[in-house]
Amino acid sequence: MRFKANLINPTGLYKIAQTLERLGQTCILSLSNENVRLIKYRDLESGMQAWTKLQPSTLFSNYRIESTNRNEIHLSLLVDDLLRVSRTAQQCTDIRVQLRRKRDLPVLDWSMVSENRGGSTTMIGQEIQVSLIPPDRWQSIREPLAMDYPDAYVRLPDLNGLRQSASRLKSLGKYLIVSANMQGTFKLMIETEFVQCESVYHHLENPRLENYTPAGDLGDFRSVKITSEDFSSFLNSHHLEPLRSVCAIHDESQVTFYVYMDLESYQYQTAAPHLAGTRESIMTFHIPVYNE
C-alpha cells in the first residue's frame with residue numbers, strides 16, 4: 001500500500017478542514033486514481049454528513065497511489081491534525097506527503113520547506129496519525145441518496161449574512177424551520193411556545209434543473225425542521241468562499257445543501273493550468289430532518 005504526492009493547494013485543503021471542524025472530531029480521506037474525497041460521515045442515520053469529491057489535481061501533483069484494493073486507500077484522521085498541518089503548509093513550499101508506517105502504525109508524513117526573510121530555508125516535518133478503513137467497512141460507508149427532484153430549490157443569499165440571522169435564531173430555540181418556494185423566497189423561522197421569529201429573503205434565484213419543470217403553485221412553501229445547531233454548522237462552509245450555495249427541499253422529509261467552490265484558484269502559481277469549466281467542485285451537506 002503506497003501513497004505519495006506533492007501538495008500544491010494547502011490553502012484549499014485548509015479551507016475544507018475549517019469547514020469540517022464544526023461537524024465533528026474526525027473525517028475520512030478517501031484516495032483513488034480518479035478522486036480525492038474528504039468526508040464527514042456519521043454511522044447513525046440521524047447524523048449530519050458532508051461529502052466532497054475532488055480531482056486529485058485540485059490538491060496534488062505527482063500523485064501516486066497503489067493498493068491491493070483496486071488502488072484505493074481510505075483513511076480516518078482527526079480534523080484538528082488536518083487543520084494543523086495545512087495551516088503550516090500555507091507558509092511553505094515543496095510540500096510532500098507520504099503514507100508510511102511508524103512503529104507499525106500508519107501515519108501521513110509531511111515534509112515541507114520554509115524560507116525566512118533572510119532567504120535561508122528550513123525543512124519542516126509533521127505527522128498525522130491515521131487509521132486505515134478496511135474494504136469491508138468502506139463498503140458500508142455510502143453517501144445518503146437524494147430523493148427524486150426536490151419540491152423547492154433556491155440559491156441561498158450570502159452565507160455570512162445568513163450566519164448573523166442563524167445566530168440570532170439559534171438563541172431562541174433548538175429547532176429551525178427552513179422553507180423555500182419556486183418564486184425566489186427563502187425563510188428561516190423559530191417557533192416555540194413563547195416566541196415566533198423569522199428571517200425572510202426575497203428575489204433569489206431558482207436554478208434550472210435539466211428536463212424538469214416544477215409542478216403546483218410556485219408560491220407554495222416547502223419546509224423542513226432541522227436543528228439550529230446543524231444549520232449553523234453548515235454555515236461554517238463560508239470558509240470555502242463559495243461561488244454559490246443551493247438549498248434543495250423535499251417537503252417535510254429531506255434537505256440537502258450544495259456548496260459550489262473554486263478550490264483551484266488557491267493553487268500555487270506553478271500548478272499546471274486546467275481546461276475551462278473544470279475548476280468547479282461541490283461540497284454536499286446532508287442534514288437530518290425532524291417531524292415531531
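Helix 1 (residues 10-21) has twelve residues, which at 1.5 Å a residue should span 16 Å, and its end C-alpha atoms are 16 Å apart, so the two values agree. The expected span is 1.5 Å times one less than the number of residues in the helix. Helices (H or I, at least four residues) and strands (E, at least two) are DSSP runs, numbered from the N terminus.

The model is predicted: local features need pLDDT of at least 70, side-chain atom pairs count only at pLDDT 80 or more, and totals for chains, interfaces and linings use all residues. Residues are numbered from 1 along each chain as its sequence is written, and side-chain values use heavy atoms, with hydrogens and water left out.

**Helix 1**

- Ten of the twelve residues of helix 1 are buried, so the helix is mostly covered, where buried means under 20% relative accessible area, exposed over 50%, and partly exposed in between (1.4 Å probe, protein chains only).
- The buried residues of helix 1 are P10, G12, L13, Y14, K15, I16, A17, Q18, T19 and L20.

**Cavities**

- Two cavities of 30 Å³ or more are present in the structure.
- A cavity is a set of points, on a 1 Å grid over the protein atoms alone, where a 1.4 Å probe fits but cannot get out; lining residues have an atom within 4 Å of a point.
- Grid points are joined across faces, edges and corners, and a volume is the space filled by probe spheres set on the points.
- The largest cavity holds about 80 Å³ of space, and its lining consists of F3, L13, L29, V36, L38, L59, F60, L82, V97, L108 and W110.
- Strand 3 (36-40) and strand 8 (105-115) are the elements that give two or more residues to the lining of the largest cavity.
- The lining of the largest cavity has eleven nonpolar, no polar and no charged residues; Ala, Val, Leu, Ile, Met, Phe, Trp, Tyr, Cys and Pro count as nonpolar, Asp, Glu, Lys and Arg as charged, and the others, Gly among them, as polar.
- The second largest cavity has a volume of about 50 Å³, and D151, A152, N181, M182, P214, A215, D217, L218, D220 and R222 line it.
- Five nonpolar, one polar and four charged residues make up the lining of the second largest cavity.

**N116 and its contacts**

- N116 lies in the loop between strand 8 and strand 9 (121-132), and it counts as partly exposed at 41% relative accessibility.
- The side chains of N116 and S120 are joined by a polar contact of 2.5 Å, that is, a pair of N or O atoms within 3.5 Å, of which, within protein, one must be able to donate a hydrogen and the other to accept it, while residues adjacent in sequence count only if both atoms are side-chain atoms.
- The N116 side chain also reaches the backbone nitrogen of G118, at 2.9 Å.
- From C-alpha to C-alpha, N116 and A166 are 42 Å apart in space and 50 residues apart in sequence.

- Q254 is in strand 16 (residues 254-261) and is buried, with a relative accessible area of 14%.
- At 3.1 Å, the side chain of Q254 reaches the backbone oxygen of L145.
- M147 is in the loop between helix 4 (135-138) and strand 10 (152-155) and is partly exposed, with a relative accessible area of 43%.
- M147 and V255 are 108 residues apart in sequence, and their C-alpha atoms are 9.8 Å apart in space.

**Cysteines**

- The disulfide count is zero, a disulfide being a pair of cysteine sulfur atoms within 2.5 Å.
- C247 is in no disulfide, and the nearest cysteine sulfur, that of C197, is 19 Å away.
- C247 is buried at 0% relative accessibility, and C92 is buried with a relative accessible area of 3%.

**Positive phi**

- Most residues other than glycine have a negative phi.
- H203, not a glycine, has a positive phi of about 60°; H203 is in the loop between strand 13 (196-201) and strand 14 (222-227) and is exposed, with a relative accessible area of 78%.
- E241, also not a glycine, has a positive phi of about 50°; E241 is in the loop between helix 6 (228-234) and strand 15 (244-250) and is partly exposed, with a relative accessible area of 48%.

Technical notes. On a 1 Å grid over the protein atoms alone, a cavity is a set of points where a 1.4 Å probe fits but cannot get out, and a pocket is an open set with protein on both sides within 12 Å along at least five of seven lines; lining residues have an atom within 4 Å of a point.
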